[in-house]
Protein chains: 2
Amino acid sequence: MKKIGKQTFSIKDNVFVRDTYTIVGKKEGEGPLKDNFHMIVDDDLWGEDSWEKCELKFQKSAVEKLMEANNLQKSDIDLLIAGDLLNQITSSSFAARDLMLPYVGVYGACSTMALTMGLASLIIDGGFAENIICVTSSHFCSAERQYRLPLEMGGQRHMSAQWTVTGSGAVWLSKNGNGPRVRNVTFGKITDLGVKDANNMGAAMAPAAYDTLSQHLEDTGVDYDLIVTGDLGTIGKGIVNKMFNDDKKSIEKKYDDCGTIIYDIEKQDVHSGGSGCGCSATVFGSFLFKKLMNKEINKLLFTSTGALHSPTATLQGESIPGIAHSVGIEM
Amino acid sequence: MKKIGKQTFSIKDNVFVRDTYTIVGKKEGEGPLKDNFHMIVDDDLWGEDSWEKCELKFQKSAVEKLMEANNLQKSDIDLLIAGDLLNQITSSSFAARDLMLPYVGVYGACSTMALTMGLASLIIDGGFAENIICVTSSHFCSAERQYRLPLEMGGQRHMSAQWTVTGSGAVWLSKNGNGPRVRNVTFGKITDLGVKDANNMGAAMAPAAYDTLSQHLEDTGVDYDLIVTGDLGTIGKGIVNKMFNDDKKSIEKKYDDCGTIIYDIEKQDVHSGGSGCGCSATVFGSFLFKKLMNKEINKLLFTSTGALHSPTATLQGESIPGIAHSVGIEM
């Protein structure tokens, strides 16, 4: 059994992160990672007539550009694993319709990027596939109107709220190559400490991040150069640090969060930081992948985090279940 | 590479369908399969205060009863793979919260049962897991109000409409055992011929069913005793038969659809038949699994079918993308 510890799957053969492609919106393109993204789109509709259609264009384009850049044909790709935040993951389903690839749709809210990469790694290492493309996306405007309030209302944003990243990141995993390799995958359990505030998702997700991170570190014993979570923002990141410190196992010196990396939190008025499926996808596909390729870091623990809430459940008085999935990558 | 033909993954080692548990609502319990289900719940709220909470209770209970019946502890289960029709797959996420198992959420609309079983088979055969539980659910009332109209409106149902099955089916897949084995898995491509009518999903899904079925049959060459689709209903089933007949490869004599099996279509006033994630899940977990165990059939091609539409996309003028995933099982 390729399982280590209680909850971690160990990748025995080669599963390489071959290449990535990231497309982001205007705000992300003005942030500290602006020189790292592959494409920046200034128009929040990108010529489409709705934000939802724009988001699907982001996702579809990220996959197409990734394939073009690597001269990949459809017949080279064994599987597309995709997800997003929209109801019925419509960005993914509609992008997959145009891409015409065998398609597995997943839903893990903002934890989706690590979920897709984890599943793809297992399927490649299991000997079933040579090449899998993983992709996720989110869009500030489509997410706000679905999860919170219509933008047209002009509501005041809470200081604990996060800014959904407009962007899509596609990752090509392959059994062939010579770059960074996926070594260990931990799928998380749901953790829910009772947070009910959809404007404070960092707090809702942080205990799940702590649970999966500590299980992964215990299972693998790997000493990572960098541990990143997906989109906890400043509040959630603080909670994770506190939980590890309380445990006397501080990770503070090597820990960061994509939601705090992607924006200049003060200057860009994003309150608690970035969030959304596109957050960890675009930060991994640009900044983090480069750090691995340049050997600035050799061991990365990439952990996307998701708040699995639904407006319907929230209206029925339910709290927000959190989840986190970890993918350990080594150069 | 454990891949045969263009699109099918071949399971080399043992992946057994060890056991199942099915819970259905009153209408399903009055249908032709009434003696096959494990539990029938007469109350459409099952003591909960919303249909959504009732659906999550169905899903959670199906897994718990399956584990109880087989004396399975949480530590025996490597992974829970689950999905449902609700936005943000809340039934699955909230059930997983209570079940406290490592959790992978997927979205494939009504194709979800075969999607979960396909993924689980690859993960077990890949050597990562010993035991995986797959579960899906749907509920007539929660689905109607999300996808179409609030029930309280008392709207007239179209004759081409299908009746969403209230029920949940859980399936235990294991590397150990001696019953039916999963042999081949085909994940489908999106097929969309432009149907825009959410009251005629059979027509929207049928071309996808044809695409995956014909690819699976071409890739494997297996002569199945029985081929079942998930929830095409009478209209979709007719289209699939016509497409194969036009191809001069009729499957009519050994082909049926869970949506037409689960209800007495005429007497139960379900118009075109059953649908929903719970449809193929409960028919597989009861009637079909028994047929395999009793050796009435030895080779079953189980193909769940999904209409990946969203009310938002439909309001924006989009058509309904269909998908189908196939799992070939042999006794």
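This is a predicted model: local features need pLDDT of at least 70, side-chain atom pairs count only at pLDDT 80 or more; totals for chains, interfaces and linings use all residues.
## Overall architecture of chain A

Chain A is built from 10 helices and 15 strands. Its radius of gyration is 18 Å, close to the 20 Å that the globule rule gives for 331 residues, so chain A is as compact as a globular protein of that length. Along the principal axes, the C-alpha atoms of chain A occupy a box of roughly 50 × 50 × 35 Å.

Of the 331 residues in chain A, 62% count as buried. When contacts between residues at least 6 apart in sequence are considered, 79% of those in chain A join residues at least 24 apart.

## Relation of the two copies

Chain A is superposed on chain B by a rotation of 180° with 0.0 Å of shift along the axis, at an RMSD of 0.0 Å. The two copies are therefore related as by a two-fold rotation axis. Both copies use the same surface, since 100% of the contact residues of chain A recur in chain B.

## The contact between chains A and B

Chain A contributes 50 residues to the contact, and chain B contributes 50 residues. On the side of chain A that touches chain B, at least two residues each come from helix 2 (51-69), helix 3 (90-99), strand 6 (103-105), helix 4 (112-125) and helix 10 (311-315). By class, the residues on this side of chain A comprise 25 nonpolar, 15 polar and 10 charged.

## Helix 3 and its surroundings

Helix 3 of chain A is largely enclosed by the rest of the structure, because 9 of its 10 residues are buried. The buried residues are T90(A), S91(A), S92(A), S93(A), F94(A), A95(A), A96(A), R97(A) and L99(A). Within chain A, the buried residues of helix 3 pack against helix 2, strand 5 (79-84), strand 6 and strand 7 (131-138). Their packing partners also include helix 10 (311-315) of chain B.

M100(A), which follows helix 3 of chain A, has a positive phi near 60°. Q88(A), in the loop between strand 5 and helix 3 of chain A, has a positive phi of about 60° although it is not a glycine. With 30 C-beta neighbours inside 10 Å, Q88(A) counts as buried, the threshold being 20 or more. In chain B, I89(B) lies in the loop between strand 5 (79-84) and helix 3 (90-99). I89(B) is likewise not a glycine, and its phi is positive at about 30°. I89(B) is buried, with 29 other C-beta atoms within 10 Å.

Helix 6 (residues 201-220) and helix 7 (residues 233-246) of chain A have axes that come within 8 Å and cross at roughly 35°. The crossing of these two helices of chain A is right-handed. Helix 6 of chain A takes part through G202(A), A203(A), M205(A), A206(A), A209(A) and Y210(A). The partners from helix 7 of chain A are G233(A), I235(A), G236(A), I239(A), V240(A), M243(A) and F244(A). In the contact of helix 6 with helix 7 of chain A there are 10 nonpolar, 3 polar and no charged residues.

S111(A) is placed in the loop between strand 6 and helix 4 of chain A. It counts as buried, with 36 C-beta neighbours inside 10 Å. Residues up to four places away in sequence aside, S111(A) touches G230(A), S304(A), T305(A), G306(A), I323(A), A324(A) and H325(A). The C-alpha atoms of S111(A) and T314(A) are separated by 19 Å, and these residues are 203 residues apart along the chain.

Q59(B) belongs to helix 2 (residues 51-69) of chain B. Q59(B) is buried, with 32 other C-beta atoms within 10 Å. Leaving aside neighbours within four places in sequence, Q59(B) is in contact with A82(B), D84(B), S91(B), S92(B), A95(B), V135(B), S137(B) and S168(B). Between Q59(B) and T312(B), 253 residues apart along the chain, the C-alpha separation is 26 Å.

Terms used
Residues are numbered from 1 along each chain as its sequence is written. Chains are lettered from A and ligands numbered from 1 in the order in which they are written. Two residues are in contact if their C-beta atoms, placed from the backbone, lie within 7 Å. Helices (H or I, at least four residues) and strands (E, at least two) are DSSP runs, numbered from the N terminus. Ala, Val, Leu, Ile, Met, Phe, Trp, Tyr, Cys and Pro count as nonpolar, Asp, Glu, Lys and Arg as charged, and the others, Gly among them, as polar. Copies are superposed by least squares on the C-alpha atoms of residues with pLDDT of at least 70 in both. A residue is buried if 20 or more other C-beta atoms lie within 10 Å of its own, exposed if 12 or fewer, and partly exposed in between; C-beta atoms are placed from the backbone. The radius of gyration is taken over C-alpha atoms; the globule rule is 2.2 Å times the number of residues to the power 0.38. Axes are lines fitted to C-alpha atoms, for helices over the stretch in contact, and angles run from 0 to 180 degrees between N-to-C directions. A crossing is left-handed if the near helix is turned anticlockwise from the far one by less than a right angle, and right-handed if clockwise.
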